[in-house]
Every structure is written in structure tokens, then in C-alpha cells.
Amino acid sequence: MENTTKNLYHDNSDTDYTNDEWNEFVDLAVSGDRSAMETLLVSIQDLIFNLSLRMLGTIPDAEDAVQEITIRIMTHLETFRKESSFTTWAFRIAVNHQKITKKVCLQRDLSALNSMDMILKTVQQTISLTRLKMLSSHC
């Protein structure tokens with residue numbers, strides 16, 4: 001049996017909407033229209049996935065990011081002020097999410113490296129003390 005990972009975010013139709021159409025979908029979604037919300041979210045999934053894949057490097061991480069970013073867009077949709085296009089706004093949310101995610105990962109990795117460095121120093125000190133004891137016992 002072949003082990004393949006299906007990418008769920010590349011089967012969406014590539015639809016280009018005008019700014020007015022995007023804004024209408026936003027208005028409808030904010031007022032509770034589930035179909036409009038679905039149209040908005042499905043339409044930007046490829047954009048978010050491709051950005052996430054470039055920034056995170058793996059399909060599973062990118063898929064997780066798409067879910068997190070989609071939820072953020074959905075829950076903050078009423079804050080969209082229509083000063084830019086909806087896709088630009090969604091892209092900024094995605095970029096900011098990725099920056100925060102990368103920063104947290106880098107801090108975690110740095111913390112792990114610092115811990116490993118402390119362990120290495122402790123081991124080196126222990127080895128040095130053991131050598132000194134061995135040298136002093138031979139004298």
C-alpha cells in the first residue's frame with residue numbers, strides 16, 4: 001500500500017472576485033450567512049496554504065496553519081474595514097500569524113539549545129573534576 005499524503009488545499013476553484021464582490025461576501029458573512037462565509041474561506045485557502053508552506057516548510061505544518069489562520073479570519077471578520085482588498089487583509093493576518101509562530105518556535109528552540117549548553121557545561125565540569133581527582137590520586 002502506497003503511503004501518500006493528500007493535500008486538501010489544492011482542490012479549490014480559482015475564482016477571482018472584484019473588491020465589491022468580496023465586500024458583499026464579507027457583509028453577508030458578518031450578518032450570519034454561512035454560504036458567504038464558506039465562499040470567503042474556501043476562496044483564500046490556497047493563498048494561505050502556499051504562504052504557510054513557504055514559511056513553515058512542511059505540508060502538515062502548513063495544513064495546521066491554514067486551520068488556525070482560517071479560524072482567526074472567521075472570528076475577526078467583523079474587523080475588516082474594507083480599506084484594502086479582502087485577500088490583502090487575509091494575507092496580512094496569515095503573514096502575522098506565521099511571524100508569531102516562527103518567533104515562538106525559535107524561542108523554544110533557543111531555550112532547548114541553552115538547556116543543552118548547560119548540560120554540556122555540567123558534563124565538561126564533571127569530566128574535569130574527575131580528571132583532577134584521578135591525577136591527584138596518582139600523586
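## Start of helix α2

Asp33 caps the N-terminal end of α2, with one of its side-chain oxygens 2.9 Å from the backbone nitrogen of Ser35. This description, like the rest of the report, concerns a predicted model.

Helix α2 covers residues 34-56 and has a kink of about 40 degrees centred on Gln45. Gln45 is also among the buried residues of α2. In general, an α-helix has 3.6 residues a turn, so residues three or four places apart point the same way. After α2 comes Gly57, which has a positive phi near 90 degrees.

## Overall layout

The protein chain contains 4 helices and 0 strands. Read from the N terminus, its elements run α-α-α-α. The helices include α1 at residues 19-30, α2 at residues 34-56, α3 at 59-75 and α4 at residues 86-138.

The chain has 139 residues, and 26% of them count as buried. Its accessible surface is about 10100 Å², with 56% of that area belonging to carbon and sulfur atoms. Among contacts with a separation of 6 or more, 60% are between residues 24 or more positions apart.

Ala29 lies in helix α1. Its relative accessible area is 7%, so Ala29 is classed as buried. Beyond its neighbours within four places in sequence, Ala29 is in contact with Ala36, Met37, Leu40 and Leu77.

Ala29 and Thr39 are 10 residues apart along the chain, and their C-alpha atoms are separated by 9.1 Å.

## Ser52 and its surroundings

Ser52 is located in helix α2. With a relative accessible area of 0%, Ser52 is buried. Leaving out residues up to four places away in sequence, Ser52 touches Gly57, Ala62, Ala65, Val66, Ile69 and Gln98. Gly57 is the residue with positive phi that follows α2. Ala62, Ala65, Val66 and Ile69 fall within the 59-75 range of α3, and Gln98 falls within the 86-138 range of α4.

Phe91 is in helix α4. At a relative accessible area of 28%, Phe91 is partly exposed; the class of buried requires a value under 20%. Setting aside residues up to four places away in sequence, Phe91 touches Leu47 and Leu51.

Phe91 and Ile48 are 43 residues apart in sequence, yet their C-alpha atoms are 6.9 Å apart.

A search of the whole structure finds 2 salt bridges. In one, the side chains of Asp27 and Lys82 meet at 2.4 Å, N to O. This pair links distant parts of the chain, since Asp27 is in helix α1 and Lys82 is in the loop between α3 and α4, 55 residues apart. Both partners are partly exposed: Asp27 has a relative accessibility of 42%, and Lys82 has 34%. Side chains of opposite charge can pair when their charged atoms come close.

The phi of Lys82 is positive, near 65 degrees. The other salt bridge is between Glu83 and Arg81, with the closest N and O atoms 3.3 Å apart. Glu83 counts as exposed at 65% relative accessibility, and Arg81 counts as exposed at 63%.

## A nonpolar patch on the surface

Leu110, Leu113 and Met116 form a nonpolar surface patch, and together they have about 320 Å² of accessible area. Leu110 is found in helix α4. At 49% relative accessibility, Leu110 counts as partly exposed, because the exposed class begins over 50%.

Conventions. Residues numbered from 1 in each chain as written. Predicted model: local features only at pLDDT ≥ 70, side-chain atom pairs only at ≥ 80, totals over all residues. Heavy atoms only, no water. Helix = DSSP H or I, 4+ residues; strand = E, 2+ residues; numbered from the N terminus. Buried < 20%, exposed > 50% of the residue type's maximum accessible area, 1.4 Å probe, protein only. Contact = heavy atoms within 4.5 Å. Patch = residues over 30% accessible without salt bridge, like charges linked within 9 Å, V, L, I, M, F, W, Y side chains within 5 Å. Areas by Shrake-Rupley, 256 points an atom, 1.4 Å probe, with all protein chains shown as cover. Salt bridge = Lys/Arg side-chain N within 4 Å of Asp/Glu carboxyl O. Bend = angle between axes of the 7 residues up to and from the residue. Polar contact = N/O pair within 3.5 Å; in protein donor to acceptor, adjacent residues only side chain to side chain.
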